[in-house]
Amino acid sequence: MMVSESSTIKFSVVDKLKRRPNILWICTDQQRWDTISSLGNECIRTPNIDRLANEGVAFLKAFCQSPICTPSRSSFLTGMYPSSVHGCSNGNDRWAEAAPLVTKTLADSGYRCGLVGKLHLAGCHGRIEPRPEDDGYSVFHWSHSHKDMWPEGHSYADWVKEKGGTLGEMYQEKGYMDPELHQTKFCADKAIEFMEENAGHPWLMSVNIFDPHVPFDPPRSYLDKYDPESVPNPLFRESDLASQKKLAGVDFQVVASDPESFQAKEKIAAYYAMIEQIDDHVGRMLDCLNRSGQREDTLVIFTSDHGEMLGDHGLITKGCRFYEGLVHIPLIISWPSVISQGVRKRSLVELTDIAPTLLDYAGVEKGERMIGRSLRRLLESEFDAHRKFVRCEYYRALSLLSPGRERWEGSYATMIRTDRYKLVVYHGHESGELFDLEKDPGEFNNLWSDPDCNEIRFDLMKTMLDQSAFAVDLGSETTCVF
């Protein structure tokens, strides 16, 4: 039942700290860190995400644990690395049930959990994605993308049909969906419906919007707001083509080329347009919380599963690379009167840290295997130290056909990033990458073979090896010792 403005109840800070917050978890798909106006992008319009950042904490150095959808989602939904939960590939036959989802743990503790949009813990090409045995969601509006690719079981297509349209025909006619029938609006509508119906009971709503994922197809009314000539140029030098050629044996969805050859600035403009549309619906969801009297009792997260190359270094989309455009993502967390407001944190954080943060605020103990760390201390104080490094991995994450090859063999790579340095090891290859981000923030000067950097490379490799060992799945619990 919807709660009216007149029935809004105000709680003191002490009361709120005793209460378990509602959780609105908004996760876009393939959104870079540098796409929010108040955090430094002067070309994009994101007034509602800006509002959220001004009501909470924005993490300026947040990183995903894989540059690919399923591995990243398997990581942030469990607080563990993809390789620790058998969630490494976009084409998994099923979710391996190797660790409980945080939504399952919260549901067991009394939360009502809902999802709209993507889940993507298993492959869904040519089929409806099989759900985990117990994911904790009592409301489940699955929509993997905005395409009409599933004859049944696609909630977004059903929603369009209820409104008198046919998704496939409408998209094919224009090459995009109008705002009133867009997948982003569908996600926001279902989230608002869930929040209104569950007012007064602890809830979690996962809003997993498909945009700003390729194919960069915003409604015309949004696209017209962005002039390609006014958006920033991709990070590109001619030397990038030679650098990427050395990595030709490592998986990526495209072959590197001059960004002008694939109209990168037009794609950037469309990408920004999709994010502005998302922002409008973030505003609608926040307005719903205010209108229903739930904003003061709701922890809101805004993030993405990974980024998008968007022309940087001659690349578009994603694959086995770890440039900032792919692994550096937005992360904003807000809970008025409990979490600090208008704060920017520069500490390194991972998406693995989301699950333990939610459990911390819900008063639920995190599992022993969960490698993520609660962000609560950073959220509620001036403290700004969390991790010395972040880790990201790619282990046979893509399984699509590739030009010139019947199938990708499947690359393996691991990244370690400190405040200053980034090391990438492409396992099984002689090539790797080492960047001094203080001197070279654009990641153009690869120091991998520089003899003056041997000690730095050795220390980072040892850290990488140590963390790979500490993240290993040790199997069942030990019951006896001989």
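**Salt bridges, sheets and rings**

Colleague: In which helix do Glu 380 and Arg 376 both lie?

Modeller: These two are four residues apart, about one turn of the helix. Helices are DSSP runs of H or I with at least four residues, strands are runs of E with at least two, and both are numbered from the N terminus. The element that holds both Glu 380 and Arg 376 is helix 13.

Colleague: Before we go on, what pLDDT do side-chain atom pairs need in order to count?

Modeller: Residues are numbered from 1 along each chain as its sequence is written, and side-chain values use heavy atoms, with hydrogens and water left out. This is a predicted model, in which totals for chains, interfaces and linings use all residues, local features need pLDDT of at least 70, and side-chain atom pairs count only at pLDDT 80 or more.

Colleague: Thanks! How far apart are the closest N and O atoms of Glu 380 and Arg 376?

Modeller: The criterion for a salt bridge is a side-chain nitrogen of Lys or Arg within 4 Å of a carboxyl oxygen of Asp or Glu. Glu 380 and Arg 376 form one, with their closest N and O atoms at 2.9 Å.

Colleague: Is Glu 380 buried, partly exposed or exposed?

Modeller: Buried means under 20% relative accessible area, exposed over 50% and partly exposed in between, using a 1.4 Å probe and protein chains only. Arg 376 has 23%, so it is partly exposed. Glu 380 has 32% relative accessibility and therefore counts as partly exposed.

Colleague: How many residues apart in sequence are Asp 473 and Arg 369?

Modeller: They form a salt bridge, with the closest N and O atoms 3.5 Å apart. Asp 473 lies in the segment after helix 14 (454–470) and Arg 369 in the loop between helix 12 (354–362) and helix 13 (376–380), so the pair ties together parts whose separation in sequence is 104 residues.

Colleague: Are Asp 29 and Lys 118 buried or exposed?

Modeller: Their side chains meet in a salt bridge at 2.6 Å, N to O. The pair links distant parts of the chain, 89 residues apart: Asp 29 is in the loop between strand 1 and helix 2 (47–54), and Lys 118 in the loop between strand 4 and strand 5. By accessibility, both Asp 29 and Lys 118 are buried.

Colleague: How many bridges join strand 1 to strand 7?

Modeller: Strand 1 (residues 22–28) runs parallel to strand 6 (residues 203–208), with five bridges between them, and Leu 24 stands opposite Met 205 there. Strand 1 is mostly covered, with seven of its seven residues buried. Strand 7 (residues 298–304) also runs parallel to strand 1, and the bridges joining these two number seven.

Colleague: On to the rings: is the pair of Trp 142 and Trp 150 stacked, tilted or edge-to-face?

Modeller: Rings of Phe, Tyr and Trp (its six-membered ring) pair if their centres lie within 6.5 Å; planes under 30 degrees apart are stacked, over 60 edge-to-face and the rest tilted. The whole structure has 12 aromatic pairs. The centres of Trp 142 and Trp 150 are 5.1 Å apart and the planes are at 75 degrees, so the pair is edge-to-face.

Colleague: Lastly, which residue lies over the face of Tyr 226?

Modeller: A charge sits over a ring if NZ of Lys or CZ of Arg is within 6 Å of the ring centre and within 35 degrees of the ring normal. Both Tyr 226 and Tyr 272 are buried. Over the face of Tyr 226, at 4.5 Å from the ring centre, lies Arg 45.

Technical notes:
Two strands pair if DSSP finds at least two bridges between them.
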